[in-house]
Amino acid sequence: MMSGGLNHRRVEVMQETASYTPKPAKQWSLRRTAEYVMREQRIFFVLLGVVITSVFFLVLQPAYRHDESSGAYLGGEELYNVEAKFGSVRAFEKAPYRMQQSAVISPGGKIPLGLQRKALRIVVTGGAGFVGSHLVDRLIERGDSVIVVDNFFTGRKENVQHHFGNPRFEMIRHDVVEPLMLEVDQIYHLACPASPVHYKFNPVKTIKTNVVGTLNMLGLAKRIGARFLLTSTSEVYGDPLEHPQKETYWGNVNPIGVRSCYDEGKRTAETLAMDYHRGAGVQVRIARIFNTYGPRMCIDDGRVVSNFVAQALRKEPMTVYGDGKQTRSFQYVADLVEGLMRLMDGEHVGPFNLGNPGEFTMLELAEVVKEVIDPSATIEYKENTSDDPHKRKPDISKAKELLGWEPKVPLKEGLPKMVEDFRKRIFGDHEEEKETLNE
Ligand SMILES: NC(=O)c1ccc[n+]([C@@H]2O[C@H](COP(=O)([O-])OP(=O)(O)OC[C@H]3O[C@@H](n4cnc5c(N)ncnc54)[C@H](O)[C@@H]3O)[C@@H](O)[C@H]2O)c1
């Protein structure tokens, strides 16, 4: 009987175990959570983890520092080497690549902690030219990777050769009239001869560069989802009837004149950019650049500042076309580059006037050049070229308001920098010529 009763209970127990029902879910309570964390020294292990991580990042890894002047971040050890060898981060960035490498090799081979802003891959068409090469300098200095696309019509390798050997710099000899496939984040489209001497040299080619070249680069931007910036020109205003020129002014352009290949070419390029923006959603930016000057401009390119400077240095009379009362505004290249980068990285399509509103007549400009180079320099008057605009002065209130940009370098400060560069190039050339003659 007894054993029968026990067996019966075991069967009951087994039956209960087989039909398992989960425990009802417990209500969350702060007290229970706190008890759980405190149990089995869990809190101790959490704190230990925090301490070990902090020691690793703050003590064993170099402290990374942001250099305000260059926007670069360098690790403690790298920074020490850079400052010891070059004096400053900016000087380091200007040094040849091989010297940079020897200075920043960090024995620990430590990997930066990702504090740096994301470096971009950027194409600069026309990057071996005057404006393009200064833009490339700034982009490389900022830490981006740059591909220069240039056919060297007016550009020179010398303008960018200080970047040769830098793995963040590449150069492709390519004519933008032909399609090109590259993977980049941004496209600065500058390729186009900018001075009258050069754009009139082969006007049909100038139109092709502006129209087919711009189409190709916009097509590329669309395919790869890159942002596209067009360097248009104040020439889209033609011989303006409104003064100073606002972006809302549609211009007064001769469609069949000798300058039309450039003026109308750029107007078409703007149209193409806007249609790719509206029709295909391409992120475009349009800059209307006013007369710009600075080091690396082509000598003897027919632009008034380079003409005057080269002539005064060579002790030739400065050529003034017409009565010299036509006005222009002159912007230093560093100001322009700052404006282009703000435009590209900002949220506004444009167009934006980028120029210096300080207005000078040709005769006033000649006076400043005389002051800087040679007070005894003389002026020679010649008949004016056709379609030469009488007045040109940007209204930059839109760029001031939306880009927070305005030019900072006055003519009297910028001109000596250009003169120094021209002096080296002109007299360097002459010395080479003399050497050749003596041989
Ligand atoms: N400098 C100014 O005052 C000024 C004023 C208004 C607009 N812009 C515009 O800014 C841009 C740059 O002007 P810049 O003064 O540096 O002129 P630049 O002549 O020095 O530079 C133009 C560059 O484009 C290259 N290029 C020309 N045609 C090309 C082609 N088909 N394919 C590939 N490369 C080509 C040239 O070799 C050169 O390197 C131009 O688009 C110009 O229209 C300049």
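Which residues are the closest to the ligand? In this predicted model, the closest are Gly-126, Gly-129, Thr-154, Gly-155 and Ala-194. They belong to a shell of 29 residues that surround the ligand. By class, 14 residues of the shell are nonpolar, 13 are polar and two are charged. Three elements, α7 (130–142), α9 (203–224) and β7 (227–233), each supply at least two residues of the shell. The largest share comes from α7, with three residues.

The protein chain has 439 residues, and 35% of them count as buried. It holds 15 helices and 15 strands. Among contacts with a separation of 6 or more, 76% join residues 24 or more positions apart.

Helix α7 also packs against another helix, α12 (residues 333–345). Two packed helices are described by the angle between their axes and the distance between the axes. For α7 and α12, the angle is about 65° and the axes are 10 Å apart. The crossing is right-handed. On the α7 side, the contact is made by Val-131, His-134, Leu-135 and Arg-138. On the α12 side, the residues are Val-333, Ala-334, Leu-336, Val-337, Leu-340 and Met-341. Eight residues of this contact are nonpolar, one is polar and one is charged.

Helix α10 (residues 260–280) has 21 residues. At 1.5 Å a residue, α10 should span 30 Å. Its end C-alpha atoms are 28 Å apart, which agrees. Buried residues of α10 include Cys-261, Tyr-262, Ala-269, Ala-273 and Tyr-276. The buried residues of α10 pack against α8 (196–201), α9, β7 and β8 (284–289). Just after α10, Gly-281 takes a positive phi of about 70°.

Several loops hold backbone features of note. The peptide bond from His-243 to Pro-244 is cis, with omega near -10°. Pro-244 sits in the loop between β7 and α10. The bond from Gly-350 to Pro-351 is also cis, with omega near 5°. Pro-351 lies in the loop between α12 and β13 (352–354).

Phe-152 has a positive phi near 60°, though it is not glycine. Its place is the loop between β4 (145–150) and β5 (169–173). Phe-152 has 12 other C-beta atoms within 10 Å, so it is exposed. Asp-300, likewise a residue other than glycine, has a positive phi near 60°. Asp-300 is found in the loop between β9 (292–293) and α11 (304–313). With 14 other C-beta atoms within 10 Å, Asp-300 is partly exposed.

Technical notes:
Residues numbered from 1 in each chain as written. Predicted model: local features only at pLDDT ≥ 70, side-chain atom pairs only at ≥ 80, totals over all residues. Helix = DSSP H or I, 4+ residues; strand = E, 2+ residues; numbered from the N terminus. Buried ≥ 20, exposed ≤ 12 C-beta atoms within 10 Å, placed from the backbone. Contact = placed C-beta atoms within 7 Å. Near = placed C-beta within 6 Å. Nonpolar A, V, L, I, M, F, W, Y, C, P; charged D, E, K, R; others polar. Axes fitted to C-alpha atoms, helices over the stretch in contact; angles between N-to-C directions. Left-handed = near helix turned anticlockwise from the far one by under 90°. Expected span 1.5 Å × (residues − 1).
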